[in-house]
Amino acid sequence: MSSSSSSSPSSSSYSRSKFMDSGFVIGQKEVTRILILFLGLTASCLVLYKTAYPQRLDVNNLTSLLASPSSSLPNLNSSEISPETIRPKLSFREILENASTKNKTVIITTLNQAWAEPNSLFDLFLESFRIGQGTQQLLKHVVVVCLDPKAFQRCSQLHTNCYHIETSETDFSGEKVYNTPDYLKMMWRRIELLTQVLEMGFNFIFTDADIMWLRDPFPRLYPDGDFQMACDRFFGNPYDSDNWVNGGFTYVRSNNRSIEFYKFWHKSRLNYPDLHDQDVFNRIKHEPFISEIGVQMRFFDTVYFGGFCQTSRDINLVCTMHANCCIGLDKKLHDLNLVLDDWKKYLSLSEPVQNTTWSVPMKCLED
């Protein structure tokens, strides 16, 4: 009994000590595993965050980030995160491919900050597509080339296919008055860009943003023309290059003829440094080189592609209305709002009308 009683406490202490030691070891392993799992998950989350927001966080500083209690992640709700940060930056070619039709045709417009402001021309431009006949589905094919960061930011809030083109030499954000030096630079930058579109193999409709799309214009395009242009005044013959042309609406097929023509057009600016693209076109359209290229030109009837210079005479046929022959953003805004008001009234009619009178131009007629 004494032997048994003397050994019992010793055995009990040993068992208790062994139990506690083994328990401690197990607990330590579990804690280690949890810490490793936590660090692994944290690192994975940070890597994913780095992928989504590459300019906000450096995963290489993971150790210092975890060690420093003052380190904090960026506020995801912050207004500092721009659409450029959230969306992956696509190349111009990728945007064109995303927007193109099955036959590689895109609709292109250009936009600067002045025209992109809320309740300005870009809003009216988009609204016309939404309320036009057969134009809603065309919006997905519209590529908006933005000439400054503010225009790109606003475009990205309203539309899918926006591209910011770098224009470091000139600030294109403000309103560019017709035929001023900055206006000329903007017009020639546009011709240069459209040449690149053709070289990439895309056909395009170029449209100014002060053109309201009231009907699908594709059925009105000529099937045999490489280069097709709207007119300020149309004299009845779509083959006559003496129509008073307007470069605000053009349809161009991508082929060797059209590419060579656009290159020649852009190069010709050097011979006429004080003229914009439309006036230079009028100077070169009869040159022998144009015939040598063999580019087939057609000119649109203002019945279908009207404007303030020569309004469309039949609202049952009109496809687009352009605020041409109008200088000044405020005047354009006023009269284009009247165009959309007239169009909405027309859509509300239960029967087609035989004759109609546009409310425009009004402000655009003022000196």
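In which helix does D335 lie? D335 belongs to helix α12, which covers residues 329–347. Helices here are DSSP runs of H or I with at least four residues, and strands are runs of E with at least two, numbered from the N terminus. The model is predicted, so local features need pLDDT of at least 70 and side-chain atom pairs count only at pLDDT 80 or more, while totals for chains, interfaces and linings use all residues. Residues are numbered from 1 along each chain as its sequence is written, and side-chain values use heavy atoms, with hydrogens and water left out.

D335 is buried (under 20% relative accessible area, with a 1.4 Å probe and protein chains only). The backbone of K363 gives another picture: its nitrogen lies 3.1 Å from a polar atom of the D335 side chain. Beyond the neighbours within four places in sequence, D335 is in contact (heavy atoms within 4.5 Å) with F308, V360, P361, M362, K363 and C364.

The strands come next. Two strands pair if DSSP finds at least two bridges between them. Three bridges link β5 to β10 (residues 320–322) in the antiparallel sense, and I211 has H322 as its bridge partner in β10.

Another open sheet has seven strands, ordered β3-β2-β1-β4-β7-β6-β8, again with mixed pairing. β3 (162–164) and β8 (297–299) stand at its edges with a single partner strand each, so one side of each has no neighbour in the sheet. Here the twist averages 30° from one strand to the next. β6 (residues 227–233) and β8 run parallel, joined by three bridges, and Q228 stands opposite R298 in β8.

Helix α4 (residues 92–99) lies across β1 (105–111), β2 (142–146) and β3, at about 155° to β2. Helix α6 (residues 121–131) touches β1, β2 and β4 (203–207), and its direction makes about 175° with that of β2. Such angles run from 0 to 180 degrees between N-to-C directions, with axes fitted as lines to C-alpha atoms, for helices over the stretch in contact.

Notes:
Buried < 20%, exposed > 50% of the residue type's maximum accessible area, 1.4 Å probe, protein only. Lys, Arg positive; Asp, Glu negative; His and termini not counted. Salt bridge = Lys/Arg side-chain N within 4 Å of Asp/Glu carboxyl O. Polar contact = N/O pair within 3.5 Å; in protein donor to acceptor, adjacent residues only side chain to side chain.
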